[in-house]
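Hi,

Here is the model I promised to pass on.

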Amino acid sequence: MKERFRGLIILLLVIALAGGYMYFRGSKPRQVALTGLLGGEKIGLFESEEFKDYIQKQYGLTMDYRKAGSFDMVQGSLDGQDYLFPASQLASELFIKEGHRAQSDDIVFNTPIVLYSRKAVVDALKQNGIVTERGSVHYVNMEKLAKLIAADTTWADVGLPQLYGNVLVDTTDPNKSNSGNMFLGLLANALNGNRPVNGADAEAIIPQLQKIYRVIGYMPASSADMFNQFLKQGLGAYPIIAGYENQLLEFSKTDPDIYAQVKDQIYILYPEPTVWSSHVYLSLNEKGDVGLKALKDPKVQEMAWKNHGFRTVVSGTASADIYSIPGLAPEITNVMSMPDIDTMLLLMNAVK
């Protein structure tokens, strides 16, 4: 009798455990709400209903954000933040230099720095040997362009008298925004013979950079704002700007009708060499770790490439044919290193 009773107890326990397993297996994930600081170029992804629905369903996750420049966010207060998501490894190095430590961190997305312009400017730069076209992709000789800018060359000098002032590349503020910061490093390297600038080199080229940035004048703090101004204000206001490759790719998906109207006039130009903008997610606590896990999910990585133009681990070698963008490079090969963080801080301070 005892043995039969013991067997019944064991059977009931097995049934209870199995039922509990099925319950937890089928239950929703624990709800996690994050607040953080986000670079403007990633807002399109974070506002996507597909993205929001997926991370909520799979991870119980809601990711609230406030837009901030990459360098502003890593130097400000971290109170109340669960994550930072700048667009640069240099920004994450500055984060550490400021005395902070992340709970965890990883590069989640990549996109190269590119230049955007319009047909009249591209044609003139081709005539002057600054831009070349290979396989329908337009490339910019950065050393030649840097010398042209440093020499106070006017638009009239290169055959565009209808444009006012000097040949320049408009950019975001390198002390606040990553695209501007990376262009500053790229320009410094170009003035240094396309070699990464170190401390000694920096002292020699700082006077040239200061002269160039005085002429540029006002610089917005957001890459998204810079790109929108370029689209809206036209050739006269912004002949060339520096930005991210993913911005045009995303625009073609989010505003296809408007893009169809302007696609024959807007050109994407790849600097030779260029630099990668590596978007580093910095988790500040255990909750923030859930965000990192979600962003590295293969489905999210695929969304980031197909809908928002970020080259990811999943999409790194994917076909660019999903975008009907003239001149989109199938892969990015001619890449150089940025100056180190100490040299960049020296350059940033020089052009404030």
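Helices (H or I, at least four residues) and strands (E, at least two) are DSSP runs, numbered from the N terminus.

This is a predicted model, so local features need pLDDT of at least 70 and side-chain atom pairs count only at pLDDT 80 or more, while totals for chains, interfaces and linings use all residues. Residues are numbered from 1 along each chain as its sequence is written, and side-chain values use heavy atoms, with hydrogens and water left out.

Now H9 itself. Its buried residues are Ala 202, Ile 205, Ile 206, Leu 209, Ile 212, Tyr 213 and Ile 216. An α-helix has 3.6 residues a turn, so residues three or four places apart point the same way. The cover over the buried residues of H9 includes helix H7 (142–150), helix H8 (178–191) and helix H15 (341–350), where contact means heavy atoms within 4.5 Å. H9 has a kink of about 50 degrees at Ile 205, shortly before the proline Pro 207; the bend is the angle between axes fitted to the seven residues ending at a residue and the seven starting there. At the start of H9, a side-chain oxygen of Asn 198 comes to within 3.1 Å of the backbone nitrogen of Ala 200. Just after H9, Gly 217 has a positive phi of about 75 degrees.

H15 holds Met 344. What does Met 344 touch, leaving out residues up to four places away in sequence? The list is Leu 90, Asn 181, Leu 184, Gly 185, Met 338 and Pro 339. Met 344 is buried, with a relative accessible area of 0%, and its C-alpha atom is 8.3 Å from that of Asn 181, 163 residues away along the chain.

On to the cores (a nonpolar core is a set of buried Ala, Val, Leu, Ile, Met, Phe, Trp, Tyr and Cys residues joined through side-chain atoms within 4.5 Å). The largest has 67 residues, and those with the most contacts inside it are Leu 115, Leu 145, Phe 183, Leu 209, Ile 212 and Tyr 213. H8 gives this core its largest share, eight residues. Apart from it lies another core of 24 residues, including Leu 34 and Val 108.

For the aromatics, rings of Phe, Tyr and Trp (its six-membered ring) pair if their centres lie within 6.5 Å; planes under 30 degrees apart count as stacked, over 60 as edge-to-face and the rest as tilted. That rule gives 15 aromatic pairs. Tyr 83 and Tyr 281 are stacked, at 5.4 Å centre to centre with 15 degrees between the planes. Tyr 83 sits in strand E3 (residues 83–85) and Tyr 281 in strand E9 (residues 276–283), so the pair ties together parts 198 residues apart in sequence. Both Tyr 83 and Tyr 281 are buried. Phe 251 and Tyr 259 make an edge-to-face pair, because their ring centres are 6.0 Å apart and their planes lie at 90 degrees.

Last, H14 (residues 298–308): its buried residues are Val 300, Gln 301, Met 303, Ala 304, Trp 305 and His 308. Just after H14, Gly 309 takes a positive phi of about 80 degrees.

Cheers

Conventions
Buried means under 20% relative accessible area, exposed over 50%, partly exposed in between (1.4 Å probe, protein chains only). A polar contact is a pair of N or O atoms within 3.5 Å; within protein, one must be able to donate a hydrogen and the other to accept it, and residues adjacent in sequence count only if both atoms are side-chain atoms.
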